[in-house]
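Okay, thanks for coming, everyone.

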Amino acid sequence: MCGICGAYHYGKESPVSEAVLNRMNEALAHRGPDGQGVFVDTFIGLGHRRLSVIDLQNGKQPMTNEDHTVWVTYNGEIYNFRELKRDLENKGHRFATDCDTEVIVHSYEEYGPDCVRRFNGMFAFAVWDEKTETLFLARDRLGVKPLYYSLSDKTLLFASEVKAILQHPDIRAEAEPAAIPEYLFCTALLNGHTMFKQIQSVPPGHTLLFRNKTKRLIPYWDIVLHQTPEEPRTFGEYKEHTLALLQESVRMRLMSDVPFGSLLSGGLDSSLITALAAGHASHRLKTFSMEYGKNSEVAGANSDTIYARLMADALQTDHKEFIFRPEDYHDMLEKTTWHVEKPVDLTTPSVYLLYQRLKSDVTVVLSGEGSDELFGGYFFFLNHKPASELSEFPWAPYLQEVSGLLNPDVARQTRFQENVSTALRDMTSRFETDDELNKVLYLFIKLYLLEMLERQDKTSMAWGIEARVPFLDYRIVDYVANIPSAYKLKEGKEKIILKEIARELLPREIVERKKRPFPFPVDPKSVVVQKNIANELIQSGNSKISAYFDKRAANDFFNKKNGYDHMDNLAIFRTSHALIALECWHKTFGV
């Protein structure tokens with residue numbers, strides 16, 4: 001796991017400054033505390049910060065081939081790299097290390113840009129091909145690893161995080177207007193947007209090839225939903241094959257030359273991953289959970305601490321639980337915003353705090369991220385509309401109401417409603433399948449999950465920790481996406497097939513446990529406090545966000561008047577938090 005950055009002055013009017021490249025690289029120091037390197041050759045520069053996980057003594061980057069014509073800077077893990085290495089050796093390639101970085105170098109030599117199709121892992125990398133003067137960027141299939149770029153009429157910049165690109169003198173930190181309502185009201189950025197003008201995200205499952213002053217974004221993978229299963233199977237057959245894929249995925253993700261562990265909330269997903277990992281691990285597995293002190297009183301018998309202890313005892317793991325104060329959460333808001341590079345949601349500071357505590361114990365952890373989006377684990381799936389009838393994202397209800405808070409000029413400028421409608425229509429109509437739930441799940445995987453993965457990457461890498469996601473092995477995603485929805489959701493019960501798999505491995509209490517969100521400080525009084533702060537920010541002419549919103553509509557919204565009387569307190573609380581977080585983002589980045 002690492003941080004990467006680079007600059008290509010393809011206009012060839014001025015060489016790449018090593019000093020500027022070093023500043024970009026230094027902005028990623030938290031991602032790679034174990035080493036750094038740069039490669040500069042006139043108009044091209046690559047930077048790298050290393051977090052050592054595999055082949056600790058070797059693997060320095062940027063890495064090159066034998067004749068120094070192919071260079072790579074890479075972030076991530078290729079879990080099948082040893083198999084690929086054997087194949088390449090049989091084709092005559094010679095290796096100097098036992099790290100996956102060198103496999104990328106030789107795979108590019110052998111297969112060119114198509115090499116990315118052979119990799120099973122999470123990755124973002126850049127290859128400089130000197131012979132063809134090609135800069136090739138690639139991002140993994142699900143978007144576990146972030147990759148950003150900025151293209152001007154003379155320069156192409158890229159990095160693992162936006163803050164590195166902002167170090168370049170050609171880039172100024174400015175808010176992207178279209179991103180403001182997208183993130184506030186959809187919790188998802190559309191069309192490759194980031195929160196910053198001039199900076200975009202390479203989409204998951206895509207490569208970016210830049211040659212002859214021309215950019216080509218090329219898709220190399222996507223989920224395909226079939227009209228009918230290619231090989232119809234019984235429930236038992238689906239269950240058996242899914243478990244086999246999960247076992248293999250967990251086994252592959254245990255490769256490490258540094259201490260590793262597993263997140264364990266006591267929920268279904270983290271417990272199942274931990275149980276499978278404990279069965280493969282060569283040592284007593286370290287596990288971790290968190291809670292806020294006062295939350296235990298509110299959550300009662302459904303507190304994470306109770307179920308995490310139950311699971312840790314059952315598996316005999318080396319378990320640690322961290323109990324935080326509400327003040328810890330609030331103290332971390334600005335720091336979390338700086339790392340995540342966008343307004344943070346309610347639980348993100350909690351994730352950041354957890355990874356901070358993990359650093360003294362492990363460098364690699366397993367996470368259960370992705371299961372809910374694959375198997376239908378959220379409550380709104382129980383009464384979901386057909387995909388063709390959606391007018392808003394299921395995870396962002398009240399879209400019509402909250403979008404009414406926008407200043408009409410901002411709404412027209414950003415074309416927010418039009419962009420949402422276009423995204424919904426495009427993503428829900430591209431497949432001919434009649435399985436409506438699977439089409440809705442596709443929407444979740446492509447948009448909502450992407451935000452969760454970015455949050456996980458940046459909060460973990462803020463502390464130099466590599467988080468791995470076994471549920472998101474692309475073979476599992478391909479397979480589970482086409483399991484009939486009747487095996488995922490039925491009669492008011494969600495994640496049916498995953499729970500049946502878990503019954504053979506986990507205590508009954510874990511399997512039947514009611515779903516609970518990631519912990520954050522719970523205080524009934526905070527609804528009033530937060531809404532008053534948010535409303536004051538909008539009504540005040542001194543805040544950064546006041547220009548985005550209609551003051552009268554906002555006042556009606558927060559006081560449940562004039563068409564907003566049906567709004568529930570949770571919607572008001574979440575919107576309040578989002579507005580406060582947006583103001584914090586503006587101040588943190590000076591935009």
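So, α17 gives the most to the lining of the second largest pocket, 7 residues. Quick caveat: this is a predicted model, where local features need pLDDT of at least 70, side-chain atom pairs count only at pLDDT 80 or more, and totals for chains, interfaces and linings use all residues. Residues are numbered from 1 along each chain as its sequence is written, and side-chain values use heavy atoms, with hydrogens and water left out.

Helices (H or I, at least four residues) and strands (E, at least two) are DSSP runs, numbered from the N terminus. A pocket here is an open set of points on a 1 Å grid over the protein atoms alone, where a 1.4 Å probe fits, with protein on both sides within 12 Å along at least five of seven lines; lining residues have an atom within 4 Å of a point.

Of the 38 lining residues, those closest to the centre of the second largest pocket include Asn191, Lys446 and Leu447.

On to the sheet: it's open, 6 strands, in the order β4-β5-β6-β7-β11-β12, paired antiparallel. Pairing takes at least two DSSP bridges between two strands. β4 and β12 stand at the edges with a single partner each, so one side of each has no neighbour in the sheet. Strands β7 and β11 are joined by 4 bridges, and Ala138 stands opposite Thr207 in β11.

Now the loops. Between β3 and β4 we find Pro62, and the Gln61 to Pro62 peptide bond is cis, omega near -5 degrees. Lys213 sits in the loop between β11 and β12, with a positive phi of about 65 degrees.
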